[in-house]
Amino acid sequence: MGHRFEDIIGTVGRTPVVRINKLAPDHVNMFVKVEAFNPMGSVKDRLALGVIEAAERDGSLKPGQTVIEATSGNTGIGLAMVCAVKGYPLVVTMAESFSIERRKLMRFLGAKVVLTPADQKGMGMLKKAVELAETHGWFLTRQFDNPANADIHSKTTAPEILEDFEDIGLDYWVTGAGTAGTLKGVARVLKERSPKTRVIVCEPDNAPILGSGVEQPRGPNGEIFESHPYWRPHLMQGWTPDWIPQLAEDALDAGWIDDIEPINGDDAMRCARDLAQKEGIFVGTSAGATFAGALAVAEKAHEGANILAMLPDTGERYLSTPLFEDIPEHMTAEEKEISDSTPTARFGAPAAAPKPAAEPEAPHAAEPEAVAFLNEVVGDPAQPVVVFALEWCEFCWSVRRMFKRLGVEYRSIDLDSAAYQEGNWGGKIRIALRDRTGKPTIPQIFVGGKHIGGATETFDAFNSGELQEMLAANDVAYDESLKVNAYSFLPKWLHPR
Ligand code: PMP
């Protein structure tokens, strides 16, 4: 198989196994399987492709039918990618407690994300997905008990591992479990084709639902109606929902789990950071947790043992979570010292305040055509709010952002856009604008023919209420309930506070 693919889903799987060099104790060989190499950055791309193609094959998913799933994020992100390629609309339900980047990623990929209250835990989002599927006739992928979830790991993940350890053998395979698709699918094949490999499952030490040995409470028909008594909210997003999923029970009942490692949340985060900073392997919290489990296994393992840990996803999915809590946004004292060690582009007095876009070389007088255009636009009663802007200027975007939040319709004349390039038309209007306002900078904002000024003056006018009065006087509708400091519309790096 070469490296040219017909579509992005052809790139799912075949993830690399990488040796751990600095973090591994000397007496063992430690390796990690880096699932972040999947196109959407997680192991769940495999499941997404597996369940959709299985449903296409057995006819339970019809062309164009909406797909729905309850997901902590990675499954939804994988499904969004697969559905985008294959043309299925996608709706996901997700507890509001999962990281913001996950929601945004799914929406960016075209999916709809329906949030469920955090206090209803994983079961709340699952129930909502079932309800929506039943109400609308959507296809529910049922990642938690769909055999296709485990099957795709038996078909792809497990043979990849066997091939990569064919020459040296594998003594320990270490994983966590969310749906337990990875666990069941890989363990099933390892037990058959590499019986000496011990299967180790990690779970949060404060939610030991497998290690407790306590059975999942179930109804008369096996249905789950309450959380497992040992479950507590934990740090490892993607692991250990509040009940024992069917696929995990299958693996337990089959006797495929040789040991269970309880993992501490702080150890998980430390391991994720160590993997990044010492090995250059950038992964998420559950990956750090699995690696913490692999280190515990290593301590007890025999000389020369080969240990493989699954790393389920990329660290980029955790920017708004505790994993990044100690990572500073601003320059540290050490960074400031580096900055101060040379004269250019450093902070401190006099402040190198960012300036609005400066005037181009424009010593000429305004041309009558441009003056006429300006008068016409600014005096147009049909569009009283006019912004003279540059397409990609941050100050212009801040003003746009404010008008959008205010619900104000405005006309934006983007002087550097393609529409104004011919014959330097934008440049000529800019000169006319400078002559009219006395200001060389962009943006310049007008309401009802009256010049307000640049971004700063417009924000001041909003904060004082003057802008709102001008809008009202010109019959421009706006959201009267909006109460913010207009300077908050500046991007964070320009924000004065
Ligand atoms: N880690 C993360 C970050 C995940 O999203 C998932 C999937 N829920 C897992 C681990 C566990 O994978 P599986 O569902 O196959 O058990």
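Mentor: Start with the volume: the second largest pocket has about 440 Å³. A pocket here is an open set of points on a 1 Å grid over the protein atoms alone, with protein on both sides within 12 Å along at least five of seven lines. Its volume is the space filled by probe spheres set on the points, joined across faces, edges and corners. The second largest pocket is lined by 16 residues, and Leu 126, Val 130, Asp 145, Ile 224 and Trp 243 lie closest to its centre. A lining residue has an atom within 4 Å of a point.

This is a predicted model: local features need pLDDT of at least 70, side-chain atom pairs need pLDDT 80 or more, and totals for chains, interfaces and linings use all residues. Numbering runs from 1 along each chain as its sequence is written, and side-chain values use heavy atoms, with hydrogens and water left out.

Which element gives the most to this lining? It is α4, with 4 residues. Helices (H or I, at least four residues) and strands (E, at least two) are DSSP runs numbered from the N terminus. The lining holds 8 nonpolar, 2 polar and 6 charged residues. Asp, Glu, Lys and Arg count as charged; Ala, Val, Leu, Ile, Met, Phe, Trp, Tyr, Cys and Pro as nonpolar; the others, Gly among them, as polar.

The structure holds 1 cavity of 30 Å³ or more. A cavity is a set of points where a 1.4 Å probe fits but cannot get out. The largest cavity holds about 60 Å³, and Trp 243, Pro 245 and Ala 248 are among the residues that line it. By type, the cavity lining has 9 nonpolar, 2 polar and 1 charged.

Ala 248 leads on to helix α7 (246–253), where Leu 247, Ala 248, Glu 249 and Ala 251 are buried. Buried means under 20% relative accessible area (1.4 Å probe, protein chains only), exposed over 50%, partly exposed in between. Among what covers these residues are α5 and α6. Just after α7, Gly 255 has a positive phi of about 75°.

Thr 71 sits in the loop between β3 (67–70) and α2 (74–86). Its relative accessible area is 0%, so it is buried. Its side chain reaches the backbone nitrogen of Gly 73 at 2.7 Å. Thr 71 also touches residues including Val 92, Met 94, Met 125 and Gln 143; contact means heavy atoms within 4.5 Å.

β3 belongs to an open sheet of 4 strands, ordered β5-β4-β3-β6 with parallel pairing. Two strands pair if DSSP finds at least two bridges between them. β5 (112–116) and β6 (139–140) are the edges; each has a single partner strand, so one side of each has no neighbour in the sheet. β3 and β6 pair over 2 bridges. Ile 68 has Leu 140 as its bridge partner in β6.

Conventions. Polar contact = N/O pair within 3.5 Å; in protein donor to acceptor, adjacent residues only side chain to side chain. Lists of a residue's contacts leave out its neighbours within four places in sequence.
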